[in-house]
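Please consult the sequence and structure shown here while reading.

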Amino acid sequence: MDNSVGIVETQTMRVVEADDPLELECGKTLGPVDVAYETYGRLNEAGDNVVLICHALSGDAHVAGYIRPDDKKPGWWDVMVGAGRGIDTDKYFVICSNFLGGCRGTTGPSSINPATGKRYGLDFPLITIADMVKVQKILLDKLGIRELLAVIGGSIGGMQVLQWAIEYPDFVKAAIPIATTTHLGAQSIAFDAVGRNAILADSNFADGQYQNGDGPDRGLAIARMIGHITYLSEQGMREKFGRELRNAEHYSYDFNPEFAVETYLDHQGQSFVERFDANSYLYITRAADYFDLGKDYESLKSAFAQTNSRFLVMSFASDWLFTPAQSKAMVDALTANKRDVSFCNIASPYGHDAFLLEPEILGAFISGFLEAAHRPGVKKENGRARASSSERANRIRVDYEVIESLIEPNSTVLDIGCGDGELLAKLGADKNIKGEGIELDQNLVLACVNRGLSIIQHDVEQGLDQYADKSYDYVILSQTVQTVKNPESVFAELLRVGRKVIVSFPNFGHWKCRTQLFVGGKVPVTTQLPFDWANTPNIHCLSLKDFDRFCEKLGAKVEKKIPLIKTGQSPVRFAPNLFAEQAIYVTSKDRI
């Protein structure tokens, strides 16, 4: 129980009375409504350290710690919540409640209907994600919570996070939706439908009034098995199970479970039946099906237009249920609204369940982001994630002092390939710029988050469609143009997005490069080009003259050209194409 929150108590509060029922999106009313919740840590004097955690389909209020000393398993996200963990209970007051429609203490289909004295069953009204969030807000109001530092959740919990940020823009300072979506696609709705049909077709379902007898255990188990497959990835299942037989070397040639994966799914189904209500499964999955921000607000961009939260969006590369593309769509919509958003698609083999199984990397992102949200301000020094040695070697070639001198105070800046955010941090501290970064490397994205920077993991080769024309005063591409596959299309996009584009690159026309190639007959290796031919990131060898012609071809105006020796600030005056080791260009192009 090291760093655990220890023994906790689930509390229940009546938040809606029968004589003043809750109005639901479906048009019906519901009352009374009770909510089960747990809290961890302490509310500070300012009341600005509250973190709300929203759980997924099968979760509940018990997110961390143990209910009893002899509990074998802690709360469902115990690895993330506790002293010194990703959501640090020494710093934050953490709340998690079982959402409306659940079966772990909050009013749902298994609750008693005061009109009949029996359990609601299918008489329970249809609910939505917005209804769940409305009940959470009522709970917080009754607890005296005036604002949320952050709301965090994965999967269906992430849907609630998005709803919170949209519905209560002045109440939520930061939003962290993880492995989620703004709407379910047809495939996800289909999986939900099959699961529900398995329950509804069970002979013990009894029109939802099964509580007095045997319930639809087999149907619910099958629904869980189907759902659980979508939470995993092909790679993860292959590595964990393969075609391994359960406890034999040869096939038994019958229909009993033989393969290890069959036994695993049987176990998941059975354990789910022991702790979950079939009716709740029906209602929650239908609520997820109905969730569609683009439809509700006419477009995804419109949905996020009034949000004020700072966003950290995270997806997982192997998640095929709520894909990285779906997360990127919400990031693009936020970017189009010029909202403060960071994004990372985390490499993981665990599929959708990675938000429960990647505590180290997820915790690093969340803790850094929460710290930045709670104590705003960009850090010049980066204390947690570090660039690799080769990346640092590449970055020190850029004369940041020269680039910084070219940028006017209070400007807006987009840094493409921003690395660990050192330049953006300097610009923010010294010139009060509003800066955002784009970077591919996951560790460097994390480094930027820990600095308090807005950073999006994105491949610039895929374009910058999410950014409007001339939306930044400056776009920076430092030591990167020679590494992209299609510099013409990339540079054209930068000229579209930025009023001015600052480009720096190593000069392959430098005399040392020429000498090594002419005398030694081999690809040059210099201070500015410290790579062997077999592992160099540089796929285009360009000189100052090459870039001059390149700008002319694209109709770009060269406003300044600064040839440099190493990182010295004095420009090379004589024969720069021969003696400059690198160059910095300031370019622009009138809007067409």
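A residue is termed buried under 20% relative accessible area, exposed over 50%, and partly exposed in between, using a 1.4 Å probe and protein chains only. The model is predicted: local features need pLDDT of at least 70 and side-chain atom pairs count only at pLDDT 80 or more, whereas totals for chains, interfaces and linings use all residues. Residues are numbered from 1 along each chain as its sequence is written, and side-chain values use heavy atoms, with hydrogens and water left out.

**Individual residues**

By the accessibility criterion, serine 315 is buried, with a relative accessible area of 0%. Serine 315 lies in strand E13 (residues 310-316); helices (H or I, at least four residues) and strands (E, at least two) are DSSP runs numbered from the N terminus. Contact denotes heavy atoms within 4.5 Å. Not counting residues up to four places away in sequence, serine 315 touches Ala179, Pro324, Ser327, Phe343, Cys344, Asn345 and Ile346.

Valine 445 belongs to helix H16 and is buried, its relative accessible area being 1%. Leaving aside neighbours within four places in sequence, the contacts of valine 445 are Phe343, Cys344, Phe365, Glu439, Ile455 and Gln457.

Two loop residues have other accessibility classes. Leucine 43, in the loop between strand E4 (33-40) and strand E5 (50-54), counts as partly exposed at 42% relative accessibility. Leucine 43 touches Asn49, Val50, Phe93 and Ile145, residues up to four places away in sequence not being counted. Alanine 534, in the loop between helix H18 (511-520) and H19, is exposed, with a relative accessible area of 57%.

| Residue pair | Separation along the chain | C-alpha distance |
|---|---|---|
| Valine 445 and cysteine 418 | 27 residues | 8.9 Å |
| Leucine 43 and lysine 91 | 48 residues | 9.0 Å |
| Alanine 534 and tyrosine 120 | 414 residues | 68 Å |

**Helices**

The axes of helix H12 (residues 359-374) and helix H16 (residues 442-451) come within 8 Å and cross at roughly 25 degrees. H12 is therefore roughly parallel to H16, a term for angles under 35 degrees. Axes are lines fitted to C-alpha atoms, for helices over the stretch in contact, and angles run from 0 to 180 degrees between N-to-C directions. Ile361, Ala364, Phe365, Gly368 and Phe369 in H12 meet Gln442, Val445, Leu446, Val449 and Asn450 in H16.

Helix H2 (residues 156-167) has 12 residues and spans 16 Å from its first C-alpha to its last, close to the 16 Å expected at 1.5 Å a residue; the expected span is 1.5 Å times one less than the number of residues. Because 11 of the 12 residues of H2 are buried, H2 is largely enclosed by the rest of the structure. Among the buried residues of H2 are Leu162, Trp164 and Ile166.

In helix H17 (residues 487-497), the buried residues are Pro487, Val490, Phe491, Glu493, Leu494, Leu495 and Val497. Their cover includes strand E15 (412-416), strand E18 (472-478), strand E19 (498-506), helix H19 (544-554) and strand E21 (582-588).

**Nonpolar cores**

A nonpolar core is a set of buried Ala, Val, Leu, Ile, Met, Phe, Trp, Tyr and Cys residues joined through side-chain atoms within 4.5 Å. Of the 106 residues in the largest nonpolar core, Leu100, Leu148, Trp164, Phe304, Phe491 and Leu494 touch the most other members. A second, separate core of 60 residues includes Ala56, Cys96, Ile346 and Cys418.

Conventions. Angles under 35 degrees count as roughly parallel, over 145 as roughly antiparallel, 65 to 115 as roughly perpendicular and the rest as oblique.
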